[in-house]
Amino acid sequence: MDTLALEATQPRKGQGSSASAGVPGAAPAKRKPAKKTKKAVVFFEVEILDAKTKDKLCFLDKVEPNATIGEIKSMFHRSHPQFYPARQSIRLDPKGKSLKDEDVLQHLPVGTTATFYFRDLGAQISWVTVFLTEYAGPLVIYLMFYFRVPFIYAPKYDFTTSKHWVVHLACMCHSFHYVKRLLETLFVHRFSHGTMPLRNIFKNCTYYWGFAAWMAYYINHPLYTPPIYGEQQVKLALIIFLFCQIGNFSIHIALRNLRPPGSKTRKIPYPTKNPFTWIFLLVSCPNYTYELGSWLGFTLMTQCLPVAFFTMVGFIQMTVWAKGKHRSYLKEFRDYPTLRSPILPFVL
Ligand SMILES: NC(=O)c1ccc[n+]([C@@H]2O[C@H](COP(=O)([O-])OP(=O)(O)OC[C@H]3O[C@@H](n4cnc5c(N)ncnc54)[C@H](OP(=O)(O)O)[C@@H]3O)[C@@H](O)[C@H]2O)c1
């Protein structure tokens, strides 16, 4: 790739000529000599190398000391239009962690000639698109099995309905769950990352869509048999399911309220006036705890093996994430409550 020297001193969008303190070459309004001499700004030189080959990709001259990594990414993007900022990882060390967009050049452990390493994260897709695709899939797929569209079961069952009321209830619960998730993605969550790698969508969709099809096939099968303890089992399962759905939603609202709109702030979550959030006293990621509870309820309701399997895989995945989040809380906040476990109170 070409090495390119860029003047990093053109006024940025919205900055105009008023930002001349950081813009050498900008014409002063009047030519009168200033009475007081301002402290000279020490500009930085930034070179960006390929993290794999160590080839020099870009050289930025006269970068303002208070430039952020996000701004440096935009400058790099001007010389390499294929690498839009969201797909860039800028690091201090070729194998180290990506720097945050908010990191400020002069606060980083670099001299006035800074060397950064670039890694291409690959094509990116917005989180919202990812979640909408992931969650709309199971909703539609499940309904196809529920309505027994042709080519799923024997032709004589096309567009017939099950005689078991639990099958209809299960369809309502499953649809409710994914509609809730879709609405939360659109109106509740305040994500800190705008994008994720495009390839993840294939992986995630295979997981959610595949499991939805597998579960729906058995629950809506004409030969499906209802739970062994009948109505009582289904009613108990419904109570567990609804309780955990409300709990999960309450936690999502509590997390949303921790982050002012448009910010990426991460704070310690604490119980609020809503009793469903009191579980924060014992658990770092109670939204995962409630999610697990919902799927346990659904397993009990349908008494179906693929559902139990989905619950188990989801639990393993959420445990891994919850442990990671718990570790980050402990690292980031010295006053983090010690009583909390990642996902299951006192256990895990
Ligand atoms: N069944 C399954 O297999 C399965 C698996 C995973 C998730 N889920 C469901 O999907 C939901 C969302 O999953 P998720 O992994 O995205 O949950 P998450 O990491 O807990 O995040 C939920 C939202 O809260 C924000 N957030 C988290 N902690 C925060 C803090 N300390 N301060 C401020 N904001 C914070 C997150 O922002 P960031 O963008 O900064 O993270 C995100 O917008 C889960 O609650 C669960 O219901 C299901």
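Q: Helices (H or I, at least four residues) and strands (E, at least two) are DSSP runs, numbered from the N terminus. What pattern does the protein follow, read along the sequence?

A: Read that way, the pattern is β-β-β-α-β-β-β-α-α-β-α-α-α-α. The secondary structure comes to seven helices and seven strands. This is a predicted model, where local features need pLDDT of at least 70 and side-chain atom pairs count only at pLDDT 80 or more, while totals for chains, interfaces and linings use all residues. Residues are numbered from 1 along each chain as its sequence is written, and side-chain values use heavy atoms, with hydrogens and water left out.

Q: OK. How much of the protein is buried?

A: Buried residues make up 44% of the 348 residues. Buried means under 20% relative accessible area, exposed means over 50%, and partly exposed is in between (1.4 Å probe, protein chains only).

Q: And what share of the contacts comes from residues 24 or more positions apart?

A: Among contacts with a separation of 6 or more, such residues account for 74%. Contact means heavy atoms within 4.5 Å.

Q: Which residues touch the most other members in the largest nonpolar core?

A: I219, F298 and M301 do, out of 32 residues in that core. Helices 2, 3, 4, 5, 6 and 7 each supply at least two residues of this core, and helix 3 gives the largest share, eight residues. A nonpolar core is a set of buried Ala, Val, Leu, Ile, Met, Phe, Trp, Tyr and Cys residues joined through side-chain atoms within 4.5 Å. In soluble globular proteins, nonpolar side chains tend to be buried together.

Q: What is F298 in contact with, leaving aside its neighbours within four places in sequence?

A: Y142, A170, C173, H174, I219, F241 and V307. There's also a second, separate core of 20 residues, and F44, L57, F76 and F83 are among them.

Q: Switching to the ligand: which residues are closest?

A: S192, H252, Y288, E291 and K325 are the closest of the 25 residues that surround the ligand. For that count, a residue needs a heavy atom within 4 Å of the molecule.

Q: Which ligand atom does the side chain of Y329 pair up with?

A: A nitrogen atom of the ligand, which is 2.8 Å from an N or O atom in that Y329 side chain. For ligand oxygen, a polar side-chain atom of N248 lies 2.9 Å from an oxygen atom, and a backbone N or O atom of R190 is 3.2 Å from an oxygen atom. These are polar contacts: pairs of N or O atoms within 3.5 Å; within protein, one must be able to donate a hydrogen and the other to accept it, and residues adjacent in sequence count only if both atoms are side-chain atoms.

Q: Now charges. How many salt bridges does the structure hold?

A: Seven. A salt bridge is a side-chain nitrogen of Lys or Arg within 4 Å of a carboxyl oxygen of Asp or Glu. One of them joins K180 and E184, with the closest N and O atoms 3.1 Å apart, and both residues are buried.

Q: Why are K180 and E184 separated by about one helical turn?

A: Because they're four residues apart in helix 3.

Q: What's the closest N and O distance between K235 and E231?

A: 2.9 Å, and the two form a salt bridge. K235 is partly exposed at a relative accessible area of 47%, and E231 counts as partly exposed at 46%.

Q: What does E47 form a salt bridge with?

A: K56, with the closest N and O atoms 3.5 Å apart. E47 is buried, at 18% relative accessible area, while K56 is partly exposed at 34%.

Q: What about D50: where does it lie?

A: D50 lies in strand 2, residues 44–50. D50 is buried yet has no salt bridge, and the nearest side chain of opposite charge, K52, is 6.5 Å away. Lys and Arg count as positive and Asp and Glu as negative; His and the chain ends are not counted.

Q: Which backbone nitrogens does the D50 side chain reach?

A: That of K52, at 2.7 Å, and that of T53, at 3.3 Å.
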